[in-house]
Amino acid sequence: MSAVLKPRLAALGGTPAFPRALHVGTPNLGDQARFLSRMAQILERRCLTNAGPLVAEFEERLADFLGVKHCVAMSNATVALEIATQSLGFCDEVITPSMTFVATAHALQWQQITPIFGDIAPGTHHLDPGQIARLATPRTTGILAVNLWGRACDLDGIARIAAARGLPVVYDSSHAFGCSYRGTMIGSFGEAEVFSFHATKFINSFEGGAVATNRDDLAEKLRLMKNFGFAGRDRVDHVGINGKMSEAHAAMGLTNLESIHEFIAHNRDNYHAYRAGLRGVPGIRLVEYDESERCNFQYIVIEVDAGSGLTRDELLSVLEAENVDARRYFYPGCHRMEPYRSYFPNAGMLLPNTESALERVLALPTGTALRLEQAQRIAELVRLAVEAAPAVRLRTRASQRDR
Ligand code: T4K
């Protein structure tokens, strides 16, 4: 980089590239008038929750879109994971990755199920199917795999090993709404798949989630369990919880679902801008999408390697100084969070690929609130930071010393 450009980095004394912070996870919003009209209908009907028409419509549209028999809407994905795994009789030990949002592990631990963390396959951020064979014991009752960043994990590999061991599989597909695997929409794999419609997700219903399944018996049980186990007005057939989605949440979900193609197009453009801008930057690897599949392009994730001359955290400081609120998802890994850290203090030794990825991964802003030129500018800032790596390192060390 020419010396002239160096001062443009705020970390080296320039002014921030963006006057206001740009975040990972700023919500995608559909047509506001449609949403408000749905809200007016809700108030008019005075049916606010408990199997209202908008939740039913949302479930139907989701199932259609995913090409799956049933979609059961719930209050959020964490509760949906709990209900799905409990419905399938998961107990004792369940194999799951540590490279995920902590909700995946917590959904198990909340039910006193021990998450057994499997390593990711090298070069991927996904559970290595070989780990299942290695970690399965007579106490293993299921697999909870994650389709991280909207990219499918090795669904065939996992299905093969699970079938050989007679283990049911649930997928945490919180990131993967609108994505496919070998031409089939994510949503119909395993016994069930769970989606999140949290505000930060590709399609949001403020808070919300859903379980997709092709099994009639399972769908029926999920419906009972999310509604206290009620099978009739005065009949409770099962232990249950309140996992219901409200009509207002469904109104938001439906409205956003109607804009899904715009969201995808916008995210795809941002992704291409990042890909072009980061091409050839030494030590920076963009986690790419397979565009022969359907993708939601929801996460822009890079890996920062030694070749960049910077650590991931040094690059993060540079971006933060520019008002780019990049995130170290999902650092430091579930196995280094409580209570798992206390239960398995040496788990990291068995998770070398996970530990290495968690030191290098950085999620960058995208979504419909981020304009194309902002994505281009962020990529340019990453390039400048790498070009100015020696100066950035000196500055970072000096500021650490001063703290
Ligand atoms: N499994 C996986 C693999 C998941 O990633 C998640 C959730 C779950 C399960 C559980 O799903 P839910 O039970 O939530 O349905 C956020 C979300 O809270 C979490 O839902 C999500 N994963 C995770 C990836 O991201 P944080 O701690 O990063 O959230 P927060 O509050 O820092 O928000 C991120 C950024 O988004 C903020 O800097 C600003 C922006 N934002 C956020 C909200 C909520 C907005 O602009 N507006 C908003 O309303 O966890």
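Modeller: Start with a cut-off: a residue is buried when its relative accessible area is under 20%, exposed when over 50%, and partly exposed in between. Phe35 has a relative accessibility of 14%, so Phe35 is buried. Keep in mind that the model is predicted.

Now the rings. The count of aromatic pairs is 18. Take Phe35 with Phe206: the ring centres lie 5.8 Å apart and the planes meet at 70°, so this pair is edge-to-face. The angle is what decides, because planes over 60 degrees apart count as edge-to-face. Where do Phe35 and Phe206 lie? Phe35 belongs to helix H1, residues 32-45. Phe206 sits in the loop between strand E9 (192-196) and strand E10 (209-213). The pair therefore ties together parts 171 residues apart in sequence. Phe206 comes out at 37% relative accessibility, so Phe206 is partly exposed.

Next, Phe228 and Phe230. Their ring centres are 6.3 Å apart, with the planes at 80°, so this pair is edge-to-face. The centres fall within the 6.5 Å limit for a pair. Phe228 is partly exposed, at 36% relative accessible area. Phe230 is partly exposed too, at 34% relative accessibility.

Ring pairs also build a cluster. Its members are Phe58, Phe65, Phe177, Phe195 and Phe197.

Arg312 lies over the face of Tyr331, 5.1 Å from the ring centre. The distance cut-off for such a contact is 6 Å.

Definitions and conventions. Residues are numbered from 1 along each chain as its sequence is written. This is a predicted model: local features need pLDDT of at least 70, side-chain atom pairs count only at pLDDT 80 or more; totals for chains, interfaces and linings use all residues. Side-chain values use heavy atoms; hydrogens and water are left out. Rings of Phe, Tyr and Trp (its six-membered ring) pair if their centres lie within 6.5 Å; planes under 30 degrees apart count as stacked, over 60 as edge-to-face and the rest as tilted. Helices (H or I, at least four residues) and strands (E, at least two) are DSSP runs, numbered from the N terminus. Buried means under 20% relative accessible area, exposed over 50%, partly exposed in between (1.4 Å probe, protein chains only). A charge sits over a ring if NZ of Lys or CZ of Arg is within 6 Å of the ring centre and within 35 degrees of the ring normal.
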